[in-house]
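Subject: Structure handover

Hello,

Here is the structure I promised to pass on to you. Please have a look at it first, and then read my notes below.

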Amino acid sequence: MKTLAKKDLIQALKIWADKFEVLSPTKTAHGDCLFDTFGEKTFTLDYQKPPLSPKSVFFPHSEVTFKVEENQYREVVSAKNMLLFGIRACDMMGILQASSFMCRDQIDVYYSAKRNAAMTIVMACPGPQNETCFCTTTHSGPIAQKGFDLQFYDTGDTFVIEIGTAGGEALLSAVPHADVDDRTAERQIEKFQKKALRSLPEVKSVAKAMNKLSGGKVDERIWDSLGQKCITCGGCAFVCPTCTCFNVYDHASSPGNGLRVRTWDACLYGGFTREASGHNPRASQALRLKRRHEHKLLYYHETDVQGSLCGCVGCGRCSDYCPVHIGTLEVVKAIAE
């Protein structure tokens with residue numbers, strides 16, 4: 001185990017920024033917090049979960065996959081050395097789940113190139129980021145169990161650092177740090193974890209809803225009611241760390257020249273499952289909402305969930321940002337009751 005004094009963190013980030021593009025918690029001019037390129041004047045340790053998950057680092061909202069120039073096709077696979085500093089455990093689990101999905105049956109070269117060039121430093125959560133956090137229920141936090149290169153525990157004036165990979169060890173060797181007795185560090189981490197777990201109550205309606213779904217005991221009128229509320233904005237899918245739906249389109253810029261682009265899509269959109277014949281197997285918003293939540297809570301792939309409870313990591317963003325309040329927390333409560 002190692003330690004890093006808080007006063008040395010800015011220096012460490014500057015050293016890492018010489019080799020990587022460092023994305024870190026950043027205060028905007030309006031007081032919001034986003035993960036953006038590290039800057040000494042805008043960096044902050046006083047942050048909660050950002051509105052967007054880190055998935056866009058590896059799976060951009062829009063991405064050119066092919067270029068056509070004078071009728072010649074050229075594949076575009078782009079990646080650069082990235083360091084994600086300060087992500088939370090739920091988002092680390094989101095990266096693991098999305099990476100499994102994108103590369104399980106066939107490796108997505110566009111995604112994997114970016115993921116393989118990136119390193120992750122998790123900041124263990126001392127407690128809930130807000131009232132919608134339920135990572136302990138989904139076994140995704142508040143402390144990451146795997147996937148990270150380094151994990152920081154805030155113990156006051158210093159960070160106790162858990163090393164997850166050889167790459168993380170190399171990161172740490174480049175900055176000022178100190179060794180600490182493993183037993184001492186383990187006691188500090190255990191104390192941190194116990195305090196964090198006490199502050200995060202289990203959301204029992206998640207397990208109840210999953211049991212009802214698996215037993216086919218959910219009243220269909222629930223989906224009808226939720227479907228009538230949904231405004232089809234797609235926001236829940238776009239802020240979700242594990243949603244990976246995308247569409248592909250070709251754009252001809254001039255004769256013999258153009259682009260092939262993939263962009264985020266959402267299973268809540270009416271055209272997502274519409275077939276070429278015009279038939280849509282999920283013609284109503286109720287059916288589309290049902291399918292999305294079944295995918296998270298019932299029909300997930302065991303490999304993809306990476307030891308978590310299901311296809312939801314408990315970050316609560318869908319409940320935070322749904323304009324009509326039908327995020328996962330509200331859905332599982334409706335099913336459980």
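A salt bridge here is a side-chain nitrogen of Lys or Arg within 4 Å of a carboxyl oxygen of Asp or Glu. Arg 260 lies in strand β12 (residues 257-264) and Asp 250 in strand β11 (residues 246-254), so this pair ties together parts that are 10 residues apart in sequence. Arg 260 is partly exposed, at 35% relative accessible area; buried means under 20%, exposed over 50%, and partly exposed in between (1.4 Å probe, protein chains only).

Before going further, a word on the source. This is a predicted model, in which local features need pLDDT of at least 70 and side-chain atom pairs count only at pLDDT 80 or more, while totals for chains, interfaces and linings use all residues. Residues are numbered from 1 along each chain as its sequence is written, and side-chain values use heavy atoms, with hydrogens and water left out.

Now back to the charged pairs. By the rule above, the count comes to 17 salt bridges. One of them joins Glu 40 to Lys 14, with 2.8 Å between the closest N and O atoms. Glu 40 lies in the loop between β3 and α2 (55-58) and Lys 14 in helix α1 (residues 9-17), so the pair ties together parts that are 26 residues apart in sequence. Glu 40 is partly exposed at 47% relative accessible area, and Lys 14 is also partly exposed, at 39%. Asp 105 and Arg 104 meet in a salt bridge as well (3.0 Å, N to O); Asp 105 is exposed at 68%, whereas Arg 104 is partly exposed at 28%. Elsewhere, salt bridges link Glu 63, Asp 108, Lys 114 and Arg 262 in a network.

Next, the sheet. Helices (H or I, at least four residues) and strands (E, at least two) are DSSP runs, numbered from the N terminus, and two strands pair if DSSP finds at least two bridges between them. Eight strands make an open sheet with mixed pairing, in the order β3-β2-β6-β7-β8-β9-β1-β10. At its edges stand β3 (33-37) and β10 (178-179), each with a single partner strand, so one side of each has no neighbour in the sheet. Strand β1 (residues 2-5) and β10 run antiparallel and are joined by two bridges; Thr 3 has Ala 178 in β10 as its bridge partner.

Among the helices, α3 (residues 89-103) is worth a look. Helix α3 is mostly covered, with 13 of its 15 residues buried.

Finally, Tyr 321 lies in helix α11 (residues 317-321) and is partly exposed at 41% relative accessible area. Tyr 321 and Cys 236 are 85 residues apart in sequence, yet 7.0 Å apart in space, C-alpha to C-alpha. Leaving aside neighbours within four places in sequence, Tyr 321 is in contact (heavy atoms within 4.5 Å) with Pro 51 and Val 239.
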